[in-house]
Amino acid sequence: MSDIKKQVALMKGIGVSSGVTIGRAFVIKSVGLDLAHQCYLETTKTDNEVERFERAIQMSADELICVKKKMEADGRGQEHIRIIDAHLLILKDHMITGDTIDMIRAERVNAEWALKKVMDGLLDFFNNMDDEYLKQRSSDIEHLVNMVLVNLTGRKKASLSDLKSPAVIIAHDLSPAETAQMVKGTVLGFLTDAGAKTSHTAIMARALEIPAVVGLETITHKVETGDMVIIDGTTGTVIINPSKSVVNVYKKRKERYENYGRSLFHYKDMPSETTDGERISLLGNMEIVEEIDSLLKNGAEGIGLYRTEFLYLNRKDMPTEDEHTAAYETVIRRMAPRPVVIRTLDVGGDKLLPGMEVSDEINPALGLRAIRFCLKNKDIFKTQLRGILRASAKGPVQILLPMISGVDEIRHARALIEECKTELETEGKKYDRNIEIGAMIEIPSAAVITDLIAKEVDFVSIGTNDLLQYSLAIDRVNEHVAYLYEPFHPAVLRIIKTVAEAANKAGISVGVCGEMAGEPEYAIILLGFGIDKLSMSAYSLLRVKRLVRSVSIAQAKELCEKIMEFATASEVEQFVSNKIPDLYKEEFWS
Ligand code: PEP
Ligand code: MG
């Protein structure tokens, strides 16, 4: 069928990995679930059915082991490999295999049907939870059940290994195992019905620099293999069967995006210095080791925010002290001699740790999160602190405490750090005795008392993602209030200014590690407020360096003085967007 007869459609989803891609679709359908029909068995046949089911489980386990070996051979990081281990555990879990076997015997139904019924029960259970992380886990179960169903019926679904030429992958959801097998070049991009910014698939797409849009809900119904598709991963736009003129528009956009990206490498080894000679540290944010290559390629001067939550997820037990040490040492080694800021566990409330009971907090974002959780669960906290301290013997490390609301929390955390130091000393284990401790400023109460906090820590780092959430009272993951998420809100500007001034007055370093740091139009304001460390994703590093090298602190300060006079975010935005081209001739936001 020619493209002209096909229906053109435009869809908007969540852009999780930037870049533009134009290519033919390759749809991976979840055939397994369609194969589960109900049949009743004679009593004598149930043992055979159980055996057939157990064989399919074993075949699925063998497939996962194969994927794991391939990932190990390809040198993929422990985080990815651990996901496969977690899948192997889920596969053998009694909740799936035991309950299915019980149902085959009790109701004398075929294995496909029993497995599907067991899965439906589990999915209902997970989907009724408010917890985003657990909801994500329900997709892991769906992937695994689908895999077993395919093995039960012997009918293979299209898989990434069937991909003969470069294509855009379309799937209901992609398992982390599938995403981890993607290779840039063959996989031009991917689109899924399911998914969110925090899904593993999204995190890996960014790490692999493959443009991706998730959360499209019905993309698998709208696209067939062979259809032409455009992905704009920056804006979350997808165009199905575009006209030639639209393809041409996006070809140009892709070319501009890529040329601009390439032209930025020119800045990689240049100092991050304003035109009036002020040095601004540009650091990287990371979750998994795979991001380091890309951060270094883009000139990161260190890690400004290592979100350690990933070490705790996708597993049934807690990471041991040795695992913490090993993970941090890997990052330190890869980044050496650059500094690494390790943020202690920022989980709790809406994110659950292995072995913890489901949170029943009404307002999880205001609940037992981050430092509050750690101070209440001292064993978990101290295991991580000891791991960080031991790793600090190998290179420059700083500890960053998240969600600080007042000085007590810092004193309490510092006392535990001292306790860990004494223990290590007694055990004859090495660590950096002068390790610096910092506080994240992301709660308005902490922002207001930055002068007092500055007396207790060596540095502060502003987490603008949460600072906006808490100061503007908007849930950062709720799409209904997303329009209120305004970094240019005068209140936000005043708060950041207060924090920067107090930290500068106290003579301690002040950085920003929230998303604002990576956007040039906000970064210029941060410079004007006196912030000298910006930490961001690999994608933003050279874009922001280009800005830094094009403006003077005097110009940034002047801009800040002007914008403080406006009453609304849109007035500030309009002023900045009119003013910036004067300061910064070339277009830098795309
Ligand atoms: C922030 O809140 O700005 C931040 C950097 O932390 P996270 O996004 O991990 O909450
Ligand atoms: Mg935060």
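These legends go with a set of close-up views of a predicted model.

**View 1. The chain as a whole, before we zoom in.**
This predicted chain has 23 helices and 16 strands. Of its 590 residues, 55% count as buried. Take the contacts between residues at least 6 apart in sequence: 70% of them join residues at least 24 apart.

**View 2**

Follow the strands around and you get the order S9-S10-S11-S12-S13-S14-S15-S16, with parallel pairing. From one strand to the next, the twist averages 25 degrees. Helix H21 (residues 538-550) packs on this sheet, where it touches S9 and strand S16 (533-536). The direction of H21 makes about 145 degrees with that of S16. For a look at one pairing, pick strand S9 (residues 281-286) and strand S10 (residues 303-307): they run parallel and are joined by three bridges. Here Gly-284 stands opposite Ile-303 of S10.

**View 4**
Strand S4 (residues 167-171) is mostly covered, with five of its five residues buried. S4 pairs with strand S3 (residues 20-28) in the parallel sense, over four bridges. In that pairing, Val-27 has Ile-170 of S4 as its bridge partner. S4 also pairs with strand S5 (residues 187-192), again in the parallel sense, this time over five bridges. There, look for Val-168, whose bridge partner in S5 is Gly-189.

The largest nonpolar core has 99 residues, and the members that touch the most others are Ile-453, Ile-525 and Leu-534. What does Leu-534 touch, once neighbours within four places in sequence are set aside? Its contacts are Ile-280, Ser-281, Leu-282, Leu-283, Val-512, Ala-517, Ala-523, Leu-526, Leu-527 and Val-544. Another core, of 35 residues, lies apart from the largest one and includes Phe-53, Leu-122, Val-145 and Leu-152.

**View 2. Helix H20, tucked away.**
Why can we call helix H20 (residues 520-528) largely enclosed by the rest of the structure? Because nine of its nine residues are buried. Running along H20, the buried residues are Pro-520, Glu-521, Tyr-522, Ala-523, Ile-524, Ile-525, Leu-526, Leu-527 and Gly-528. Just after H20 comes Gly-530, which takes a positive phi of about 100 degrees.

**View 3. Helix H22 and its buried face.**
Which residues of helix H22 (residues 553-563) are buried? Ile-553, Ala-556, Leu-559, Cys-560 and Ile-563 are. Looking down the axis of H22, these buried residues fall within an arc of 120 degrees, so they line one face of the helix. On the other side of H22, Ala-554 and Glu-561 are exposed.

**View 4. Thr-450 in helix H17.**
Find helix H17 (residues 450-453) and you'll find Thr-450 in it. Thr-450 counts as buried because its relative accessible area is 0%, and buried means under 20%. Leaving out neighbours within four places in sequence, Thr-450 is in contact with Ile-441, Val-499, Ala-502 and Ala-503.

**View 5. Asp-346, a buried loop residue.**
Where is Asp-346? Look in the loop between strand S11 (340-343) and helix H13 (370-376). At 7% relative accessibility, Asp-346 counts as buried. Asp-346 and Arg-307 are 39 residues apart in sequence, and in space they are 7.7 Å apart, C-alpha to C-alpha. Not counting residues up to four places away in sequence, Asp-346 touches Glu-309, Arg-369, Ala-370, Pro-402 and Met-403.

Conventions:
Residues are numbered from 1 along each chain as its sequence is written. Chains are lettered from A and ligands numbered from 1 in the order in which they are written. This is a predicted model: local features need pLDDT of at least 70, side-chain atom pairs count only at pLDDT 80 or more; totals for chains, interfaces and linings use all residues. Side-chain values use heavy atoms; hydrogens and water are left out. Two strands pair if DSSP finds at least two bridges between them. Axes are lines fitted to C-alpha atoms, for helices over the stretch in contact, and angles run from 0 to 180 degrees between N-to-C directions. Contact means heavy atoms within 4.5 Å. Buried means under 20% relative accessible area, exposed over 50%, partly exposed in between (1.4 Å probe, protein chains only). A nonpolar core is a set of buried Ala, Val, Leu, Ile, Met, Phe, Trp, Tyr and Cys residues joined through side-chain atoms within 4.5 Å. The arc is that of the directions from the helix axis to the C-beta atoms.
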